[in-house]
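Colleague: I would like to go through this model feature by feature, with the general idea and then the case at hand. Please start with the aromatic rings.

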Amino acid sequence: MLEVPGARLRHFVRGSGPLLVLIAGGQGDAAVNDALATHLADRYTVLTYDRRGLSGSTTDAPGPTLATHAADVSRLLSALTTEPAYVFGSSIGAMISLELTTSHPEQVGVVVAHEPPVIQLLPEPERAVAVQDLLGVEETFRAEGPLPALRRFAVFADIDPTDREPDVEMRPPGPEHLPNAEFFLTYDTPAVRTHALDLTGLKDSPARIVPGVGANSSHIWPHRCARLFAEELGLPYETFPGGHNGYRFRPRATAERLHQVLAG
């Protein structure tokens, strides 16, 4: 556990080599990245953690912003290394990784941002659709509870758990599932909907920034956001296995692709 302002962060370190932090999407805690971390631990020192308010990480502060989450990652990195780290984040994790890159650029060597929902880059009417998708999830949560809201989220993000590697096991929901979903839907979903990245800061960052997209997600707006983000920064984007949650459902192939990208 690491004590940070307003929270205690549960984190896990495995493997050896350059430090690589994995930041999960959605209401994902450290365990969501277990399989991916296992496939990377022979080449990297892999850091996974529960975002504040999820699973083993506590919070006694007001609802976190993406800047709060980025500051948490910064403090975790400071506790482990004085060198710039590799960072891989997906969805909200990608937004946090990019916020870290602008707020603490000295801590980031390479950041791979997989399908960050950079809504500010979407032209109308696509932006209105994305905003309404997130508002609809929040409204469903308030009216019907977390599980119907997560199902609605899975529809627009096209989360397909059948699109996975044969040996990937879907863990049954544990006692942390509902509290994590409630925290994510109460605080993190609105934070994503209203957050604006510092695009100028990212363009000026000394870090190597790699936008990532899913091979099977070209029909959803988070994929579109990632491609527009790459275009805005004048960078190529890299394609990763699976869809929006490919890092979770195709961890072996994602690990190999991530290693190729980081080595490149």
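Modeller: Arg 257 sits over the face of Phe 240, 5.9 Å from the ring centre. Keep in mind throughout that this is a predicted model.

Colleague: How many aromatic pairs does the structure hold?

Modeller: The structure holds 6 aromatic pairs. One of them joins Phe 88 and Phe 240.

Colleague: What describes a pair of aromatic rings?

Modeller: The distance of the centres and the angle of the planes describe a pair. For Phe 88 and Phe 240, the centres are 6.0 Å apart and the planes make an angle of 45°, a tilted pair.

Colleague: Which parts of the chain does the pair of Phe 88 and Phe 240 link?

Modeller: The pair links distant parts: Phe 88 belongs to strand 7 (residues 85–90) and Phe 240 to strand 10 (residues 238–240), 152 residues apart.

Colleague: Which residues form an aromatic cluster?

Modeller: Phe 153, Phe 156, Phe 184 and Trp 221 form one cluster.

Colleague: Let us turn to the cavities. How many of 30 Å³ or more does a search of the whole structure find?

Modeller: The search finds 1 cavity of 30 Å³ or more. The volume of the largest cavity is about 120 Å³. Its lining has 14 residues, and those closest to the centre are Ser 91, Pro 117, Leu 134, Phe 153 and Val 192. Phe 153 is also a member of the aromatic cluster.

Colleague: Which elements give two or more residues to the lining of the largest cavity?

Modeller: Helix 5 (146–156), helix 6 (177–194) and helix 8 (221–233) do. Helix 6 gives the most, with 3 residues. By class, the lining of this cavity has 10 nonpolar and 4 polar residues, and no charged ones.

Colleague: And the pockets? What is the volume of the largest pocket?

Modeller: The largest pocket has about 670 Å³. Its lining consists of 28 residues, with Gln 27, Leu 150, His 177, Asn 245 and Arg 248 nearest the centre. At least two residues each come from helix 5, helix 6 and helix 9 (246–249), and helix 5 gives the most, with 5 residues. The classes in this lining are 13 nonpolar, 10 polar and 5 charged.

Colleague: How much space lies in the second largest pocket?

Modeller: About 280 Å³. Of its 17 lining residues, Val 32, Ala 35, Val 168, Glu 169 and Arg 248 are closest to the centre. Arg 248 is also among the residues nearest the centre of the largest pocket. Helix 1 (34–40), helix 9 and helix 10 (251–263) give two or more residues to the lining of the second largest pocket. Helix 1 gives the most, with 4 residues. This lining divides into 8 nonpolar, 2 polar and 7 charged residues.

Colleague: Why is helix 3 described as largely enclosed by the rest of the structure?

Modeller: Because 10 of its 12 residues are buried. Among them are Ile 92, Met 95, Leu 98 and Glu 99.

Colleague: Last, the backbone. Which peptide bond is cis, with omega near 5°?

Modeller: The bond from Glu 124 to Pro 125. Pro 125 lies in the loop between strand 8 (108–114) and helix 4 (126–144).

Colleague: What is the phi of Glu 115?

Modeller: Phi of Glu 115 is near 50°, a positive value in a residue other than glycine. Glu 115 is in the loop between strand 8 and helix 4. Its relative accessibility is 0%, so Glu 115 counts as buried.

Colleague: Where is Asp 158, and what is its phi?

Modeller: Asp 158 is in the loop between helix 5 and helix 6. Its phi is positive, about 50°, although Asp 158 is not a glycine. Asp 158 is partly exposed, with a relative accessible area of 37%.

Conventions. Residues are numbered from 1 along each chain as its sequence is written. This is a predicted model: local features need pLDDT of at least 70, side-chain atom pairs count only at pLDDT 80 or more; totals for chains, interfaces and linings use all residues. Side-chain values use heavy atoms; hydrogens and water are left out. Rings of Phe, Tyr and Trp (its six-membered ring) pair if their centres lie within 6.5 Å; planes under 30 degrees apart count as stacked, over 60 as edge-to-face and the rest as tilted. A charge sits over a ring if NZ of Lys or CZ of Arg is within 6 Å of the ring centre and within 35 degrees of the ring normal. On a 1 Å grid over the protein atoms alone, a cavity is a set of points where a 1.4 Å probe fits but cannot get out, and a pocket is an open set with protein on both sides within 12 Å along at least five of seven lines; lining residues have an atom within 4 Å of a point. Grid points are joined across faces, edges and corners, and a volume is the space filled by probe spheres set on the points. Ala, Val, Leu, Ile, Met, Phe, Trp, Tyr, Cys and Pro count as nonpolar, Asp, Glu, Lys and Arg as charged, and the others, Gly among them, as polar. Buried means under 20% relative accessible area, exposed over 50%, partly exposed in between (1.4 Å probe, protein chains only).
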